[in-house]
Amino acid sequence: SLLSAAFYGMPQNELTVIGITGTKGKTTTAYLAHAILNEYSHGRCALFSSVNLCLDGHTMLASKLTTPESLDAFRMMREAADNGMRYLVMEVSSQAYKVNRVHGLTFDVGAFLNISPDHISDIEHPTFEDYFRCKRRLIANSRSLVLGADCDHRDLLMQDAADAGVKVTEFALHDAVRGLTSPAQVIARVDPENKAGFIVSVNGSDLRPMELDMSGEFNVTNAAAAVAIAIEAGVPESDPSIAAMCRVQVPGRMERVKAGDGLLVYIDFAHNYLSVKSLVDEMVRTYGERRPRITLVSGTTGGKAVDRREGIVKGALGRVESFIFTLDDPNYEDPMDIARQMQSYVTDPTARTQIVVPRELAIEKAIADAREHADRFNIVLVIGKGDETRNIINGKPVPYEGDGAVVRRVLGE
């Protein structure tokens with residue numbers, strides 16, 4: 001086959017290939033795992049992510065797809081191997097299995113982070129069951145599995161692994177309030193001496209305390225996943241390369257802009273129920289004592305992933321006081337129609353809703369409204385695009401200033 005021809009001549013042991021799937025956290029976990037493995041191998045780890053590609057251990061190129069098309073993927077694997085790469089960390093989307101982008105590829109380490117309904121539409125997955133089935137195919141195509149211990153449907157995923165004869169290593173965030181629902185070999189917990197830091201325990205033994213450049217309890221969970229992946233890929237748990245993930249900043253993820261003591265703006269790629277809920281949970285966890293007034297600026301895609309319209313709102317309901325719905329890759333749909341549909345899901349009678357279709361104006365409006373409520377501590381969450389600088393409108397990419405650039409311009413930075 002053409003795929004075999006593309007891969008021909010490259011022994012499997014030239015690259016240890018890691019595949020990461022899940023509804024939320026794939027990109028951040030991939031970056032963290034890449035940092036560890038790149039440090040451990042002295043710059044010989046490649047990366048395929050939804051944000052960047054790296055084929056030589058240090059040069060980041062813009063990515064077009066979460067998982068490259070099959071011939072592109074195998075061609076780039078060949079290039080990475082020729083560049084002397086020892087590891088490849090790649091995100092594996094549900095579409096990658098749906099349209100056979102990773103057909104014939106066995107992952108040395110597969111990681112299944114979490115699962116929640118997403119990508120449900122006529123052109124993606126008709127049902128959650130189809131979406132989940134595509135995600136689960138990673139397990140049978142992996143030699144070992146790293147699994148989120150608190151993942152929904154964990155028992156089914158464990159059964160999949162048992163049926164395929166795949167060894168499982170679990171990771172989890174230790175929550176002193178709720179406790180763990182499942183056992184795990186790799187556990188992260190907040191450092192009692194440093195609220196921004198964390199400690200990872202591997203099989204009951206603590207590693208030294210660490211602190212990520214990216215805030216968020218959910219990123220600590222991603223860090224636990226990255227540690228489990230690295231160890232499964234051959235990195236000793238005591239190796240200092242583990243700490244390399246502490247220097248990682250993923251573009252457009254949890255980017256914080258501070259405008260005085262009374263206003264914080266976060267730019268984040270959160271774009272579905274699970275990621276929005278986790279983001280708002282983190283705001284409440286971190287700033288809850290200050291009773292923040294939270295504003296959410298969001299749109300969502302046209303023509304696909306229609307379940308996100310309700311999911312984004314549902315993930316924020318009851319905690320967000322002001323929703324501003326706007327444009328975000330509407331494609332052939334009218335962005336006003338998408339915004340109205342999202343607005344209809346706001347069932348909180350105390351929440352304010354507005355529709356401001358030009359995205360730049362929506363961000364300006366959110367910040368202006370926050371300044372009008374200067375008697376409160378304000379948080380503005382601008383979500384969905386991360387560091388993207390285009391909108392897909394009528395089938396074509398239209399240049400866009402970028403959320404971060406708009407926020408800084410409005411704030412005069």
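These legends accompany close-up views of a predicted model.

**View 1. The open sheet of 11 strands has mixed pairing.**
The strand order is β4-β3-β2-β5-β1-β6-β7-β8-β9-β10-β11. Its edge strands are β4 and β11 (205–206), and each of these pairs on one side only. Helix α7 packs on this sheet. There α7 touches β1 (16–21), β6 (109–112), β7 (144–148), β8 (167–173), β9 (186–191) and β10 (194–202). The direction of α7 makes about 155 degrees with that of β8.

**View 2. Strands β2 and β5 pair in the parallel sense.**
β2 covers residues 45–48, and β5 covers residues 87–91. The pairing runs over 4 bridges. Phenylalanine 48 stands opposite methionine 90 in β5. In a regular strand, side chains alternate between the two faces of the sheet.

**View 3. Helices α2 and α7 meet in a right-handed crossing.**
α2 spans residues 26–40, and α7 spans residues 217–232. Their axes come within 8 Å. The crossing angle is roughly 45 degrees, and α2 and α7 are therefore oblique to each other. On the α2 side, the contact is made by Thr28, Thr29, Leu32, Ala33, Ile36 and Leu37. On the α7 side, the contact is made by Asn219, Asn222, Ala223, Ala225, Ala226, Val227, Ile229 and Ala230. By class, the contact of α2 with α7 has 10 nonpolar residues, 4 polar residues and no charged residues.

**View 4. Serine 63 sits in the loop between β4 and α3.**
Serine 63 has a relative accessible area of 16%. That value is under 20%, so serine 63 counts as buried. Not counting residues up to four places away in sequence, serine 63 touches Ser49, Ser50, Val51, Asn52 and Leu53.

**View 5. The open sheet of 6 strands also has mixed pairing.**
The strand order is β12-β13-β17-β14-β15-β16. β12 (255–258) and β16 (352–355) are the edge strands, and each pairs on one side only. From one strand to the next, the twist averages 15 degrees. Helix α8 (residues 273–287) packs on the sheet and touches β12, β13 (263–268), β14 and β17 (378–383). The direction of α8 makes about 160 degrees with that of β17. Helix α12 (residues 403–410) packs on the sheet as well, touching β12, β13 and β17. The direction of α12 makes about 165 degrees with that of β13.

**View 6. Strands β14 and β15 pair in the parallel sense.**
β14 covers residues 293–298, and β15 covers residues 322–325. There are 4 bridges in this pairing. Leucine 296 stands opposite phenylalanine 323 in β15.

**View 7. Strands β18 and β19 form a hairpin.**
β18 (residues 390–393) and β19 (residues 396–399) run antiparallel. They are joined by 4 bridges. Isoleucine 392 stands opposite proline 397 in β19. The hairpin has 2 residues between the strands. Asparagine 394 takes a positive phi near 50 degrees.

**View 8. Lysine 385 lies in the loop between β17 and β18.**
Is this lysine 385 buried or exposed? Lysine 385 is buried, with a relative accessible area of 0%. Leaving aside its neighbours within four places in sequence, lysine 385 is in contact with Asp268, Phe269, Asp328, Asp329, Arg359, Arg390, Asn391, Tyr400 and Asp403. Lysine 385 and phenylalanine 128 are 257 residues apart in sequence. In space, lysine 385 and phenylalanine 128 are 24 Å apart, C-alpha to C-alpha.

**View 9. Helices α11 and α12 pack against each other in a right-handed crossing.**
α11 covers residues 359–372. The packing angle is about 45 degrees, and the axes are 10 Å apart. α11 and α12 are therefore oblique to each other. From α11, the contact is made by Arg359, Glu360, Ile363, Glu364, Ile367 and Arg371. From α12, the contact is made by Asp403, Val406, Val407, Arg409 and Val410. The residues of the contact of α11 with α12 divide into 5 nonpolar, no polar and 6 charged. Arg359 and Asp403, both part of this contact, are also among the residues in contact with lysine 385.

Conventions
Residues are numbered from 1 along each chain as its sequence is written. This is a predicted model: local features need pLDDT of at least 70, side-chain atom pairs count only at pLDDT 80 or more; totals for chains, interfaces and linings use all residues. Side-chain values use heavy atoms; hydrogens and water are left out. Two strands pair if DSSP finds at least two bridges between them. Axes are lines fitted to C-alpha atoms, for helices over the stretch in contact, and angles run from 0 to 180 degrees between N-to-C directions. Contact means heavy atoms within 4.5 Å. Angles under 35 degrees count as roughly parallel, over 145 as roughly antiparallel, 65 to 115 as roughly perpendicular and the rest as oblique. A crossing is left-handed if the near helix is turned anticlockwise from the far one by less than a right angle, and right-handed if clockwise. Ala, Val, Leu, Ile, Met, Phe, Trp, Tyr, Cys and Pro count as nonpolar, Asp, Glu, Lys and Arg as charged, and the others, Gly among them, as polar. Buried means under 20% relative accessible area, exposed over 50%, partly exposed in between (1.4 Å probe, protein chains only).
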